[in-house]
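Here are some short notes to read beside the structure. Keep the view open as you go through the points.

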Amino acid sequence: MVVMQLPHPRTGRRFESPVPPGSGWPGDPATPRTAVATTAAQVASMAAAARSLAELDAEISVCRACPRLVEWREEVAVSKRRSYADEPYWGRPATGFGAARPRVLIVGLAPAAHGANRTGRVFTGDRSGDFLYAALYRAGLANQESCVDAADGLKLKATRVAAAVRCAPPGNSPTPAERATCAPWLDAEWRLISRYVRVVVALGGFAWRAALQMLRDGGVAVPAPAPKFGHAATVELDGVTLLGCYHPSQQNTFTGRLTPAMFDEVFALATRIAGTSTGEGAL
């Protein structure tokens with residue numbers, strides 16, 4: 001059987017879709033020998049045992065614990081969107097991206113089918129990512145406003161971006177079981193960076209709830225009833241500020257529910273609380 005390979009749009013190197021681990025995709029943290037979780041119990045065990053972000057990212061990037069999500073992400077990687085038909089698709093889980101010692105952690109919902117599931121980097125290659133990284137650039141938290149692919153040179157300052165669910169879900173809607181299965185990966189990421197983080201920005205109500213659970217599982221005291229999500233809502237929790245923001249979905253940005261000015265206000269507040277420098281070109 002002949003497996004089709006297509007050139008990466010920036011590097012020109014040819015890849016299968018989905019991309020096999022260790023084949024040279026920009027930013028791929030895994031190798032062919034990276035351990036693969038195939039059950040919820042294995043996710044929990046491997047996440048708890050991870051001792052570095054590099055180890056965690058590698059294991060996240062090859063996870064196969066949710067059969068429906070694996071089938072969907074790989075189907076999308078083969079069928080593709082017409083406008084990207086000549087590109088290889090990552091077709092694997094999206095890891096966290098950014099600083100290893102962040103003062104700001106941004107939590108989203110899940111990768112987009114033709115965004116991060118195509119490019120291999122969270123919030124990259126779709127309009128939500130365009131909106132997010134442009135705002136981070138204006139806030140002085142990114143070195144550039146564009147986010148085209150995983151080899152475009154984007155770097156974040158004192159900031160890390162992660163998703164509550166690491167695979168692109170059908171209809172952008174993971175099931176409760178899939179959310180629960182994936183949660184230990186976020187818990188492990190928090191464990192490895194929590195000593196540095198001062199602000200957690202939750203993009204949308206789902207991410208808000210996931211962030212609260214992440215903080216709770218990490219030993220942060222969360223009041224009951226749980227704080228309610230709202231745009232620019234802030235909650236102080238044991239030295240960490242949880243900050244709400246509408247998700248930069250096309251529905252929200254096209255309708256004006258979330259404007260660039262509203263996004264800028266959120267990240268200006270986040271940088272002020274976190275104590276990072278601000279302003280365009282601050283990196």
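1. Start with a term. A salt bridge is a side-chain nitrogen of Lys or Arg within 4 Å of a carboxyl oxygen of Asp or Glu. Asp57, Arg160, Arg166 and Glu189 are linked in a network of such bridges. The model is predicted. The count of salt bridges comes to ten.

2. Look at Arg92 and Asp28. They form a salt bridge, with the closest N and O atoms 3.0 Å apart. The pair links distant parts of the chain, 64 residues apart. Arg92 sits in the loop between α3 and β3, and Asp28 in the loop between β2 and α1. Arg92 counts as buried because its relative accessibility is 6%. Asp28 is buried too, at 16%.

3. Next, Glu178 and Arg68. Their closest N and O atoms are 2.8 Å apart in a salt bridge. Glu178 is in helix α6 and Arg68 in helix α3, 110 residues apart. Glu178 is buried, at 6% relative accessibility. Arg68 is partly exposed, at 32%.

4. Arg118 and Glu87 also meet in a salt bridge, at 3.0 Å from N to O. Arg118 belongs to helix α4, while Glu87 lies in the loop between α3 and β3. Is Arg118 buried or exposed? Arg118 is buried, with 6% relative accessibility. Glu87 is buried at 16%.

5. Now the helices. The axes of α5 and α9 come within 9 Å and cross at roughly 55°. That angle makes α5 oblique to α9. The crossing is right-handed. Residues in contact include Phe131 and Leu132 of α5, and Phe263 and Phe267 of α9. By class, the contact has seven nonpolar, no polar and two charged residues.

How values were computed:
Residues numbered from 1 in each chain as written. Predicted model: local features only at pLDDT ≥ 70, side-chain atom pairs only at ≥ 80, totals over all residues. Heavy atoms only, no water. Axes fitted to C-alpha atoms, helices over the stretch in contact; angles between N-to-C directions. Helix = DSSP H or I, 4+ residues; strand = E, 2+ residues; numbered from the N terminus. Parallel < 35°, antiparallel > 145°, perpendicular 65-115°, else oblique. Left-handed = near helix turned anticlockwise from the far one by under 90°. Contact = heavy atoms within 4.5 Å. Nonpolar A, V, L, I, M, F, W, Y, C, P; charged D, E, K, R; others polar. Buried < 20%, exposed > 50% of the residue type's maximum accessible area, 1.4 Å probe, protein only.
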